[in-house]
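Please load the model and keep the selection panel at hand. The tour moves from the whole chain to one helix, and then to single side chains.

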Amino acid sequence: MAGIDSLDIRQQEVLTHLNIGFAVDFLLGLGNVIGNPDDGTMCNVQAYSTQFFSTASVLWTTVIAFVLHQTVVYHWTDVPNLVIHFHVFVWGTSLILMILPAFTGSY
């Protein structure tokens, strides 16, 4: 069986995005391990982490679908050039959507 070194750069980038998506899902699961804490610090930690990582998971899935679509349909090769944009989009959007409810006292 061939190793990751035998894959071209596009395939390696797709695998990287998949791995990030799995890591985000794992972190989301850690937020749920806390259980049902009473009001307080742990409750806030769970609320923030669940909001942040749920959003990030959906957005990474969107990025993966976008990259696969562009690669398969249009034979797109610009993935390495846009990785930083993907990170800014996913982490920035997740952070903004996590902070907004804090300002309205929704947590």
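A residue is called buried when its relative accessible area is under 20%, exposed when it is over 50%, and partly exposed in between, with a 1.4 Å probe and protein chains only. This is a predicted model, in which local features need pLDDT of at least 70 and side-chain atom pairs count only at pLDDT 80 or more, whereas totals for chains, interfaces and linings use all residues. Residues are numbered from 1 along each chain as its sequence is written, and side-chain values use heavy atoms, with hydrogens and water left out.

Coloured by secondary structure, the chain shows three helices and zero strands, where helices (H or I, at least four residues) and strands (E, at least two) are DSSP runs numbered from the N terminus. If contact means heavy atoms within 4.5 Å, then among the chain's contacts with a separation of 6 or more, 67% are between residues 24 or more positions apart.

Next select helix H2, residues 41-74, whose 34 residues reach 48 Å from the first C-alpha to the last, close to the 50 Å expected at 1.5 Å a residue; the expected span is 1.5 Å times one less than the number of residues. Just after H2, centre on histidine 75, which takes a positive phi of about 55°.

Now show the aromatic side chains. Rings of Phe, Tyr and Trp (its six-membered ring) pair if their centres lie within 6.5 Å, and planes under 30 degrees apart count as stacked, over 60 as edge-to-face and the rest as tilted. A search of the whole structure finds four such pairs. In one of them, phenylalanine 52 and phenylalanine 53 have ring centres 5.0 Å apart and planes at 90°, so the pair is edge-to-face; both of these residues are buried. Another joins phenylalanine 66 and phenylalanine 86, with centres 6.3 Å apart and planes at 80°, so this pair is edge-to-face. Phenylalanine 66 lies in helix H2 and phenylalanine 86 in helix H3 (residues 79-104), so the pair ties together parts that are 20 residues apart in sequence. Phenylalanine 66 is partly exposed at 37% relative accessible area, while phenylalanine 86, at 9%, counts as buried.

Finish at threonine 71 in helix H2, which counts as buried at 16% relative accessibility. A polar atom of the threonine 71 side chain lies 2.7 Å from the backbone oxygen of valine 67.

Notes. Polar contact = N/O pair within 3.5 Å; in protein donor to acceptor, adjacent residues only side chain to side chain.
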